[in-house]
Amino acid sequence: MPGFVELDVRPILRAGGEPFEKIMQTINTLKPDQGLRLLATFKPVPLFHVLGSKGYTHQEKELGGGDWEVLFTPSGAPASNAATVGADANAKDNAAWPEPVQHLDNRDLDPPEPMVKILATTEAMAPGEVLSAYLCREPLFLFPELAKRGHSWRGGFEADGKTYKVLVRVGKPTGAAA
Amino acid sequence: MPGVTLSRWTMSYFAAALIFLLIAELLMVAGYGYPATAIAAPETLILVHVTAIGWLSLLLCGALYQFVPVLIAHPIHSQTLPLPALAFLIAGLGALIAGFLQLAGFIAPHALCFPVAGFLLSIGFALVLWNLGKTLWAARPLTLPARFVTVGLLSIAATVLIGVIFTLVLGGLTEHGHFINLLQSGVPVHAVAGLVGWLTFIAMGVSYRLLAMFMLAPELDGPTTRSALYLGAAALGVAILGGVPASMAGIGPTIPLLMGFAIGLLALGFYARDILYLYRTRRRRKIELNSRMAAIAVGNLAAAIVLLIALLISDNVDRYIGAVVFLFAFGWLSGLGLAKLYKITAFLTWLECYGPALGKGPTPRVQDLVTEPRAIKWFWLYFATVWCGTIFLIAEIPLGFRITSAIMLIATIAIINELLRARRLLDVKAEIRMPKGASSAHLLYAQVKKA
């Protein structure tokens with residue numbers, strides 16, 4: 001019987017923190033037959049996609065008081081390469097990222113201005129530096145452009161389900177951007 | 001999530017679709033098909049299928065290849081399959097037209113045009129369904145707009161299936177009584193499955209997302225949107241799954257179609273409420289041409305429904321159904337299609353040309369690719385001709401309809417010219433047209449660069 005590693009991110013969420021990194025770290029420590037028992041203060045729908053692409057099925061249960069328990073079970077299927085995290089979702093990339101040096105709030109900009117602003121800001125940043133941006137939707141057309149420029153990213157919806165927060169870590173210039 | 005790249009063959013679909021729109025309008029100008037001939041005449045069927053398959057279905061397929069991945073945040077299953085699918089669909093439409101020309105007596109009746117058309121169109125739509133179906137399947141659980149698309153895909157499967165049975169009967173390959181009954185009374189079910197289930201239901205689902213995106217309005221996934229989805233799906237289920245057996249049994253599909261219409265009205269009520277809410281709660285006060293013209297198109301949908309109800313009450317459906325279908329196809333579906341094409345063409349071209357140069361220096365904005373004050377006059381002219389054409393059809397003045405169709409053709413050519421100008425970057429100021437790193441786009445396909 002596969003065991004479950006329990007992770008309660010409710011204290012982090014209640015303190016206004018961002019548990020995504022902690023969840024991904026825990027996922028990376030799991031053995032192939034181990035699952036994750038996650039406790040959160042909301043139904044973490046974005047995670048279903050993220051962990052789904054890493055080969056986990058999920059089973060959610062409302063606990064009352066707005067809390068949710070989700071069991072992520074390895075499905076045995078090979079993880080697809082559609083990982084949400086990072087352009088190059090390699091193991092090294094799961095190390096902690098430095099604090100963002102740039103913060104953008106692009107929620108009120110007309111599309112595609114949020115994407116233009118993020119790309120313009122990253123051009124002026126040094127490799128390894130991190131930018132954080134609030135958006136009103138997942139920036140699907142931005143990701144391929146970040147990948148071409150060698151940047152990594154992490155993203156997900158905030159607890160309100162409406163604000164999308166993306167972190168972009170500037171990569172070393174590859175020369176392949178054009 | 002690696003994000004969404006450009007769909008390689010979407011522009012080819014758009015180009016082919018626009019050519020078929022011009023052909024359909026030319027036929028109307030020439031007085032080919034309804035109202036010059038009967039509504040069930042082979043000439044009218046050619047006009048209807050050039051519009052429904054050639055123009056609207058190719059437009060919708062091209063748009064879905066690009067926007068299903070956006071709706072579900074998952075890449076498309078195949079960037080290659082759309083091209084053979086397009087070839088099969090166009091060849092199938094050609095064979096279908098040849099089949100109708102046989103019925104009209106223009107081609108010798110012994111050739112197997114109809115069965116060949118059924119075969120080619122089935123393959124073409126099967127390739128579309130396989131590609132989009134695999135894409136959707138990989139992204140479960142689906143968002144609400146994607147569920148609208150799924151219902152639409154099931155509807156086109158039903159439309160094609162019924163159509164294939166028609167081609168087998170018309171081609172003389174079967175004399176099964178149930179199939180002959182279906183051909184005799186099931187045509188309205190085939191039309192409802194195609195025009196409402198496939199084209200309208202998907203347009204509804206996608207409009208939720210596109211309007212929210214372009215007007216900075218909240219994404220809707222509440223009880224009203226769910227009601228529109230489930231009631232709409234139920235209406236289509238009753239109309240199609242009830243209408244087909246009723247037609248086959250020789251009873252006729254009137255009762256299931258009316259029941260479906262009644263349930264569908266509830267769904268449309270919820271949809272109308274949602275769309276009004278999106279326009280009212282938008283954070284972007286000054287909206288672009290595409291959102292303004294989309295509102296006119298939705299208004300035409302409402303007008304077509306009101307007209308149909310009036311005809312049902314006055315027992316005049318058979319006499320004036322052509323006017324309802326015209327307003328529905330050209331006021332609602334084509335109006336929405338042209339309005340969204342105007343935005344999508346500019347946006348996809350902008351992303352393809354300037355994506356690599358963004359942030360590295362001054363680049364044009366999407367709006368710099370278009371000249372809305374010039375284009376909007378043509379859109380108003382287009383809609384004015386749709387309304388006049390509808391009135392001429394109701395007033396039974398075929399010559400008036402041909403004259404308004406000629407003006408509609410001019411307006412359409414002008415709108416297509418605007419789309420070509422956007423694709424060719426002709427409205428971008430010369431000094432910022434080609435910043436370092438930018439590249440021009442091919443007219444008919446997108447360069448899909450690997451990251």
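This is a predicted model: local features need pLDDT of at least 70, side-chain atom pairs count only at pLDDT 80 or more; totals for chains, interfaces and linings use all residues.
Mentor: Start with one residue. Glu219(B) is partly exposed, with a relative accessible area of 35%. Residues are numbered from 1 along each chain as its sequence is written, chains are lettered from A and ligands numbered from 1 in the order in which they are written, and side-chain values use heavy atoms, with hydrogens and water left out.

Trainee: How many helices and strands does chain A have?

Mentor: Helices (H or I, at least four residues) and strands (E, at least two) are DSSP runs, numbered from the N terminus. Chain A has 5 helices and 8 strands. Read from the N terminus, their order is β-α-α-β-α-β-β-β-α-β-α-β-β.

Trainee: What share of chain A counts as buried?

Mentor: The figure is 46% of its 178 residues. Now look at contacts (heavy atoms within 4.5 Å). Take those in chain A between residues at least 6 apart in sequence: 66% join residues at least 24 apart.

Trainee: Which residues does Thr51(B) touch, leaving out those up to four places away in sequence?

Mentor: Thr51(B) sits in helix α2 (residues 42–72) of chain B. Thr51(B) counts as buried because its relative accessibility is 6%. With residues up to four places away left out, Thr51(B) touches Ala24(B), Leu56(B) and Phe330(B).

Trainee: How many salt bridges are there over all chains?

Mentor: General idea first. Side chains of opposite charge can pair when their charged atoms come close. The rule used here asks for a side-chain nitrogen of Lys or Arg within 4 Å of a carboxyl oxygen of Asp or Glu. Over all chains, the count is 23 salt bridges.

Trainee: Which parts of chain A does the salt bridge of Arg10(A) and Asp67(A) link?

Mentor: The two side chains meet at 3.0 Å, N to O. Arg10(A) is in helix α1 (residues 10–14) and Asp67(A) in strand β4 (residues 67–74), so this pair links distant parts of the chain, 57 residues apart. Both Arg10(A) and Asp67(A) are buried.

Trainee: Where in chain B are Asp427(B) and Arg374(B)?

Mentor: Asp427(B) and Arg374(B) form a salt bridge, with the closest N and O atoms 2.8 Å apart. Asp427(B) is in the loop between α13 (398–423) and α14 (430–433), while Arg374(B) is in helix α12 (residues 372–395), 53 residues apart. Asp427(B) counts as buried at 18% relative accessibility. Arg374(B) counts as partly exposed at 30%.

Trainee: Which residues are linked in a network of salt bridges?

Mentor: One network links Glu6(A), Arg37(A), Lys61(A) and Glu69(A).

Trainee: How many disulfides are there over all chains?

Mentor: The test is a pair of cysteine sulfur atoms within 2.5 Å. The count over all chains is 0 disulfides.

Trainee: How much area do chain A and chain B bury between them?

Mentor: The size of an interface is often given as the accessible area lost when the parts come together. Here the buried area (1.4 Å probe) is what the two parts lose on being put together, summed over both. Chain A and chain B bury about 2700 Å², 64% of it on carbon and sulfur atoms. Arg137(A), Leu140(A) and Phe141(A) supply 26% of the area that chain A buries against chain B, more than any other three residues. The contact takes 31 residues from chain A and 32 residues from chain B.

Trainee: How many salt bridges cross this interface?

Mentor: The rule finds 3 salt bridges across it. One of them pairs Arg137(A) with Glu219(B) at 2.9 Å, N to O. Arg137(A) lies in the loop between β6 (130–135) and α5 (142–148) of chain A, and Glu219(B) in the loop between α7 (187–215) and α8 (223–248) of chain B. Arg137(A) is buried at 14% relative accessibility. Arg284(B) also forms a salt bridge with Asp110(A), the closest N and O atoms being 2.9 Å apart.

Conventions:
Buried means under 20% relative accessible area, exposed over 50%, partly exposed in between (1.4 Å probe, protein chains only).
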